[in-house]
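Reader: I'm new to this one. Could you walk me through how to read it?

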Amino acid sequence: MRRVFTGINASPGIAIGRAFILSRTLQRVERKTIPEKRVPKQVKAFLSAIKKSMKEIETIRARLGADKAKELSTVLDTHIMLLQDDALRNDVIKIIEEQKVTASWAVSEHVGRFNKMLANLGGEYLSTRVADLNDIKNRILRNLGPGGGICCLDEAPEGSVVVAQDINPSEAVQINTARIVGFVTELGSKTSHSAIIAKAHEIPAVVGATGVLQNVKQGTRMIVDGIDGKVILSPTRKQLAEYENKRQSYKYYVIELLSAADLPAESRDGFRLAIEANIESPADVKTALRHGAAGIGLYRTEYLFIREGRIPTQEEHLASYKQVAEEIAPHSATIRTIDIGGEKLVDAVEMPPQRNPALGLRAIRLCFSRREIFKNQIKGILRAGLHGNLKIMFPMISGIEELKKGKAIIEECKKELRKAHVDFNADMEVGIMIEIPSAALTADILAPECDFFSIGTNDLIQYSIAIDRANEEVAYLYNPLHPAVLRTIKMVVEAGHRHKVRVGVCGEMAGEPLYALMLMGLGVDELSMNPVAIPAVKKVIRSSRLCESLKIASKALGFQTADEIEAYIYNVMSKRYPQEIATSLFF
């Protein structure tokens with residue numbers, strides 16, 4: 001039966017293959033009480049299952065090889081961290097001993113409670129942590145069972161399209177690109193582990209394809225359209241021919257883009273825009289350079305806290321930033337100080353309960369309340385600055401007081417390093433993210449105290465329009481082309497330039513070819529984005545003229561609604577750059 005399903009285009013490309021249904025046969029865990037004398041045996045079985053689970057993850061790491069293990073280390077390290085967590089072990093053992101229940105029930109009960117707490121907080125980041133916990137839970141339960149073993153993708157034959165409700169992180173990192181050509185899940189988002197792994201491997205993927213599992217059979221021929229977010233089961237010969245052509249076209253398109261990736265993003269009339277990459281770990285620098293990044297515009301340092309499962313030492317900060325500085329040289333790298341809080345919770349940093357985390361203790365505010373954590377990071381950055389061109393960037397600055405306070409702490413760190421006779425770079429640039437309306441409105445006040453601005457459009461849009469991106473009821477209001485957003489960007493650019501401060505954009509908006517000319521016309525100096533988006537954005541800029549972008553931006557600012565602006569931008573850009581706009585869905 002031929003059926004077409006629509007989902008979220010998680011990783012671009014076209015895959016044609018046969019379905020490999022990833023099934024999980026774990027039975028539902030029921031609550032079973034046990035006699036007092038069996039309690040020690042259940043505790044021992046639980047601890048043994050923990051050890052087996054950790055050994056399995058190390059085996060997965062070994063299978064991946066050095067390059068992939070490094071690239072995907074965040075997922076693997078997060079799982080090791082969770083398995084080593086004393087709170088997990090102690091809480092599960094407490095449930096076994098106090099309630100006199102089996103280890104399987106205790107594990108399910110503990111993880112279930114924690115997942116409910118995370119679900120109540122909401123947000124895509126926490127949804128990803130729920131996936132991690134469920135993966136760990138299932139692994140422990142399998143090892144508590146009589147058969148043991150792990151669910152892996154080794155059985156997938158060549159030319160497989162993996163189909164699953166969701167792909168757990170430990171399963172995703174086992175993907176063998178020699179056998180697996182694509183995957184489809186019923187759950188997930190563009191920021192889920194499935195999407196992240198697909199992009200890392202550059203495998204076409206569609207997530208959120210509801211209903212596909214009920215209609216697909218093992219071995220069914222299928223098409224995965226990671227460009228338009230479509231899944232076709234049992235395609236006709238005509239559809240197969242059509243998508244084979246589309247697959248080849250996309251393949252040659254990517255080759256063409258990468259062949260010109262190292263060329264500068266310079267318009268036909270000589271205007272040059274700096275195109276940089278957003279990264280989450282030093283392992284991402286290699287990918288950034290391969291796709292033509294002229295620097296790192298945003299290094300999200302939260303991964304250090306997630307990976308280690310504890311607060312990193314100054315030496316660990318130094319090692320991470322030194323590696324980035326050396327590998328990206330001679331280009332610069334902008335190190336954003338930790339942006340923890342809101343939906344980005346990290347086990348290593350205790351957070352008080354908050355009714356509205358997005359507007360509470362997070363980012364720079366958290367740094368001020370945890371000064372030693374903040375100062376250790378600043379000292380690590382300053383010391384790493386001796387090994388390359390590094391810049392410091394503060395997130396979530398709301399006004400001049402916070403900026404001055406942050407800079408004062410940097411001076412404290414310099415003084416302490418001098419006193420300890422530790423070498424560091426004393427002349428490092430300091431800038432801020434503009435992502436709060438109050439910062440945008442006072443950009444003219446902030447500019448004299450800054451070396452650069454970086455507009456974080458993700459949060460700026462959310463706060464400007466007063467919507468929660470993770471709330472499905474109002475997510476439709478999240479629109480980068482809202483007149484208020486465009487006017488705010490223009491205002492920040494003008495304020496920065498009056499004080500000779502460079503202004504960049506580092507949110508998702510920066511990586512969409514659809515918006516490239518409009519942002520250039522608004523006067524932005526730099527764009528920082530997901531590395532895989534760089535070649536397409538560069539191509540748009542290189543085939544345009546500054547005068548054209550100025551006209552596009554001017555006309556867009558004249559419309560009254562986001563729908564009008566979107567229709568205008570799409571009409572202009574899709575006519576000029578049909579291939580780039582059709583494949584501009586990299587996030």
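Predicted model: local features only at pLDDT ≥ 70, side-chain atom pairs only at ≥ 80, totals over all residues.

Reader: Okay, which residues have the most contacts inside the largest nonpolar core?

Author: In soluble globular proteins, nonpolar side chains tend to be buried together. A nonpolar core here is a set of buried Ala, Val, Leu, Ile, Met, Phe, Trp, Tyr and Cys residues joined through side-chain atoms within 4.5 Å. Buried means under 20% relative accessible area, exposed over 50%, and partly exposed in between, with a 1.4 Å probe and protein chains only. The largest core has 97 residues, and F394, F453, M518 and L527 have the most contacts inside it. Helix α21 (residues 513–521) gives the largest share of this core, seven residues; helices are DSSP runs of H or I, at least four residues, and strands are runs of E, at least two, numbered from the N terminus. Another core lies apart from it, with 28 residues, including L88, I93, V111 and L141.

Reader: What does L527 touch?

Author: Contact means heavy atoms within 4.5 Å. Leaving out residues up to four places away in sequence, L527 touches L273, A274, I275, E276, V505, A510, L519 and V537.

Reader: And is L382 buried or exposed?

Author: L382 counts as buried because its relative accessibility is 0%. You'll find L382 in helix α15 (residues 371–384). Beyond four places in sequence, its contacts include I392, I410 and F424.

Reader: How many cavities of 30 Å³ or more are there?

Author: A cavity is a set of points, on a 1 Å grid over the protein atoms alone, where a 1.4 Å probe fits but cannot get out; lining residues have an atom within 4 Å of a point. Grid points are joined across faces, edges and corners, and the volume is the space filled by probe spheres set on the points. The structure holds one cavity of 30 Å³ or more, and the largest cavity has about 100 Å³ of space. It is lined by 13 residues, with E276, G297, F452, S454 and E526 the closest to its centre.

Reader: How many disulfides does the structure hold?

Author: A disulfide is a covalent bond between the sulfur atoms of two cysteines. Here the test is a pair of cysteine sulfur atoms within 2.5 Å, and the structure holds zero.

Notes: Residues numbered from 1 in each chain as written. Heavy atoms only, no water. 1 Å grid on protein atoms, 1.4 Å probe; cavity = no way out; pocket = protein on both sides within 12 Å on 5 of 7 lines; lining within 4 Å.
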